[in-house]
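Please open the model in your viewer and keep the selection panel at hand.

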There are 2 protein chains.
Amino acid sequence: MKSFNPPIRTLMGPGPSDVHPRILSAMARPTIGHLDPAFVGMMDEIKTTLKYAFKTENELTMPVSAPGSAGMETCFANLVDPGDKVVVCINGVFGMRMKENIMRFGGEAIVVEDDWGNAVSTDKVEQVLKNNKDAKILAFVHAETSTGARSDAKTLCKLAHQYNCISIVDAVTSLGGIELRVDDWEIDAVYSGTQKCLSAMPGISPISISERALAKIKNRKTPVTSWFLDLNLVMGYWGGSTQRTYHHTAPVNTLYGLHESLLMLAEEGIENAWVRHQKNHQILSDGLEAMRIKFLVKKAHRLPQLNTVFIPKGVDDGLVRNTLLNDYNLEIGAGLGAYAGKVWRIGLMGHACRLENISLCLSALSAVLDKG
Amino acid sequence: MKSFNPPIRTLMGPGPSDVHPRILSAMARPTIGHLDPAFVGMMDEIKTTLKYAFKTENELTMPVSAPGSAGMETCFANLVDPGDKVVVCINGVFGMRMKENIMRFGGEAIVVEDDWGNAVSTDKVEQVLKNNKDAKILAFVHAETSTGARSDAKTLCKLAHQYNCISIVDAVTSLGGIELRVDDWEIDAVYSGTQKCLSAMPGISPISISERALAKIKNRKTPVTSWFLDLNLVMGYWGGSTQRTYHHTAPVNTLYGLHESLLMLAEEGIENAWVRHQKNHQILSDGLEAMRIKFLVKKAHRLPQLNTVFIPKGVDDGLVRNTLLNDYNLEIGAGLGAYAGKVWRIGLMGHACRLENISLCLSALSAVLDKG
């Protein structure tokens with residue numbers, strides 16, 4: 001066994017996306033203590049830039065010390081009280097995972113289903129909310145990573161409040177890639193990941209919690225099942241006070257990386273990042289359509305950062321992806337669930353969303369398909 | 001706001017410990033996909049070297065994608081069925097945290113208490129097991145990071161089996177620093193951290209689960225509350241099969257770091273690492289005793305990697321630690337709980353366990369105390 005030197009890939013799958021060298025370097029800086037005043041100062045900067053990225057003033061805006069799935073779990077573990085009725089929208093893998101969370105924490109899941117590849121139907125949601133006036137929470141995925149569909153978070157959150165529900169929004173793939181306005185849209189609890197449009201290393205889940213959601217957490221009848229994710233405790237370390245109380249050891253170096261990635265986002269300007277994703281998506285989709293490759297998602301609901309396309313008839317999925325990986329060092333994503341073997345998911349996330357990547361992808365894909 | 005360039009510290013607190021430059025460099029290598037064949041190969045090497053470090057053949061030996069507290073939670077979330085009687089030994093902060101876990105997962109905690117600074121009393125544990133023949137689990141901390149006390153894991157695990165209990169062992173601070181033999185001692189579930197004697201970045205928790213514990217998990221009457229930590233699901237990604245199924249996105253770069261740290265441990269030889277910790281502890285404690293500084297823990301139960309000493313009378317705790325940090329870039333740890341302001345915790349963990357660090361620590365501490 002020897003040191004691991006990874007191959008140099010171009011990451012155009014559903015995440016992780018290419019990590020910028022500035023972020024990689026940041027992670028390699030010397031570790032310091034998680035209560036070191038220098039570290040505590042950096043934590044404040046992370047909170048400030050995360051608020052900027054989420055477009056929120058929520059004081060409880062912080063990175064959970066674990067991947068996106070743990071961010072999801074943080075929201076559900078803290079917000080679902082046993083017996084709570086939760087309306088959950090399923091139009092892909094991550095809506096299903098939300099339902100799993102609700103059930104495991106003792107909630108009652110009321111499912112609103114839409115076909116994979118479609119956006120969540122706001123009409124159906126309104127109907128279900130109307131029929132379940134005792135529902136406490138509406139949960140949905142803003143950018144469904146399994147299909148590439150974008151749902152109308154603004155309207156859904158408005159409906160949630162209209163029917164006295166708290167909203168929980170999965171923004172794992174949306175943060176930094178498409179418009180997301182936590183305060184304007186009145187999102188109550190939102191979680192994301194670092195390895196998508198923030199282009200940082202995988203392993204951290206930024207979250208933001210509104211005052212309204214916080215009130216629900218403080219009024220819980222039962223303790224949060226998870227000690228590690230209990231926000232009442234985590235707040236002692238990440239909360240507003242300047243006095244940081246030890247809860248768990250923060251992932252120091254990974255947070256250096258997150259700090260650098262948020263700094264880069266602020267340097268570019270988040271609105272500019274949204275525009276860049278949209279512009280490059282257009283170029284990629286023009287190229288794919290010129291190759292007669294069809295998209296799964298209707299134009300109006302397509303995520304620019306995640307392009308799900310049908311594998312042309314007669315083409316061997318595994319062979320193409322392996323050839324791209326082995327010969328071109330290019331990773332694109334496979335389909336999930338019913339779409340396994342039927343679609344590819346081509347990511348244009350964060351630092352991976354560059355003209356040179358699009359060029360490589362179109363040209364390599366075309367060469368491999370021509371050969372096949 | 002600008003890039004964060006941390007001060008260069010010497011980390012001799014309770015963790016994180018100094019991270020070796022080889023590990024820092026490893027983390028900065030380019031990110032690849034978590035299902036990339038190259039990555040999957042590296043995962044196998046991590047499993048092999050983790051088995052070596054834990055001295056086990058347990059197939060389910062893997063790193064949890066979150067800090068030590070999540071490793072603890074993984075063990076309790078999977079092994080405690082609601083209603084289970086769990087005998088838990090408390091002789092410091094981390095035994096208390098175990099109890100929190102047991103209660104949150106619906107277990108009944110039967111507490112065996114020992115004074116902070118003492119080892120867990122095997123006699124008391126035997127008595128309690130005798131009085132609670134229906135107990136299902138015995139849980140204790142091998143190396144209590146809050147006090148620096150080592151407990152007799154071998155005897156405790158033997159007692160557990162004698163009374164038909166599964167054993168859950170906290171080895172966060174012990175792994176790589178003192179003798180730990182998962183198979184020989186028949187430990188059923190053990191968790192550790194990367195930021196102590198493995199000298200890797202904080203954020204990952206290696207665990208190992210025996211066949212016997214696995215059988216209990218498979219026979220659970222209720223689903224594991226946590227989706228993220230449910231070993232039935234995590235095994236699809238980290239388990240024995242060559243086919244790795246997506247569960248959550250692995251913290252790719254952090255695992256590069258863990259891989260490098262385990263490689264370094266194998267290069268040194270784990271028994272040699274144990275000897276190095278013991279030898280250097282002797283030098284440090286001779287030096288401290290020469291300064292008339294007294295240890296909290298009796299000699300027989302002292303952890304070489306965590307030296308808890310009483311703050312000399314009349315000395316200002318905060319002033320000394322701040323001076324060491326600001327003037328010498330040296331971090332030592334504060335006391336916790338009832339020992340806050342009364343003790344210091346001086347770590348000699350992994351890469352921080354070197355003669356030059358001991359020399360710096362003794363000389364700086366002596367200068368600061370003389371001045372004060």
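**First stop: a helix in chain B**

Select residues 153-162 of chain B, which form helix α6, and colour B:Ala153, B:Leu156, B:Cys157, B:Leu159 and B:Ala160, which are buried (a residue is buried if 20 or more other C-beta atoms lie within 10 Å of its own, with C-beta atoms placed from the backbone). Looking down the axis of α6(B), you will find these buried residues within an arc of 155°, so they line one face of the helix; the arc is that of the directions from the helix axis to the C-beta atoms. Helices here are DSSP runs (H or I, at least four residues), as are strands (E, at least two), numbered from the N terminus.

This is a predicted model, in which local features need pLDDT of at least 70 and side-chain atom pairs count only at pLDDT 80 or more, while totals for chains, interfaces and linings use all residues. Residues are numbered from 1 along each chain as its sequence is written, and chains are lettered from A and ligands numbered from 1 in the order in which they are written.

Just after α6(B), select B:Asn164, which takes a positive phi of about 60°.

**Second stop: two domains in chain A**

Now colour domain 1 (10-15 + 270-371) and domain 2 (23-266) of chain A separately; these bounds come from an automatic or database domain assignment. The C-alpha centres of the two domains of chain A lie 27 Å apart.

How values were computed:
Buried ≥ 20, exposed ≤ 12 C-beta atoms within 10 Å, placed from the backbone.
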